[in-house]
Amino acid sequence: MPTIFFPISGRSLSNPSGYMSVRMLSEILDSNKNFFEPIFSVQTHTHRLHRFNGPSTARSRGETVEEYQARIESDLKLSKKFFRENLGYHPTILALPFGRGLNLDLIAASQKSGIDMVRGFGGDGEVFYKG
């Protein structure tokens with residue numbers, strides 16, 4: 001069964017204790033060479049929006065739809081840059097921090113940024129959106 005890792009790309013660059021470094025992520029992807037089919041994937045968990053109190057993937061009070069979508073797109077652009085420069089590809093799946101913020105505006109911004117699937121949580125549990 002395939003395994004997907006969702007690093008916070010902004011923290012992988014600075015590599016604070018407890019977070020996966022670029023080297024660790026590269027080793028995970030390189031280990032796929034040992035299998036008939038790749039069993040490991042590395043996707044995005046945002047670049048700077050993994051905060052419980054502060055900027056997150058949830059829409060802020062007073063933030064317009066346009067401002068919200070621009071903030072999401074800007075963060076995903078940074079994440080894509082991290083993946084392209086350090087791992088050689090761009091992610092297509094987004095796992096929302098704390099599962100929060102899944103809404104149609106976030107999905108639209110994610111799709112504009114090249115994300116095909118968003119994972120979050122809704123009232124009935126885990127929700128996947130696939131575009």
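Here are legends for a few views of the protein chain, which is a predicted model. Local features need pLDDT of at least 70, side-chain atom pairs count only at pLDDT 80 or more, and totals for chains, interfaces and linings use all residues. Residues are numbered from 1 along each chain as its sequence is written, and side-chain values use heavy atoms, with hydrogens and water left out.

**View 1. Four helices and five strands make up the secondary structure of the protein chain.** Going along the sequence, you get β-α-α-β-α-β-α-β-β. Helices (H or I, at least four residues) and strands (E, at least two) are DSSP runs, numbered from the N terminus.

**View 2. The C-alpha trace spans about 50 × 30 × 25 Å along its principal axes.** Among contacts (heavy atoms within 4.5 Å) with a separation of 6 or more, 60% join residues 24 or more positions apart.

**View 3. Lys-112 sits in helix α4, residues 104-112.** Lys-112 is exposed, at 67% relative accessible area, while 37% of the 131 residues count as buried. Buried means under 20% relative accessible area, exposed over 50%, and partly exposed in between (1.4 Å probe, protein chains only). The C-alpha atoms of Lys-112 and Glu-73 are 7.5 Å apart, although 39 residues separate the two along the chain.
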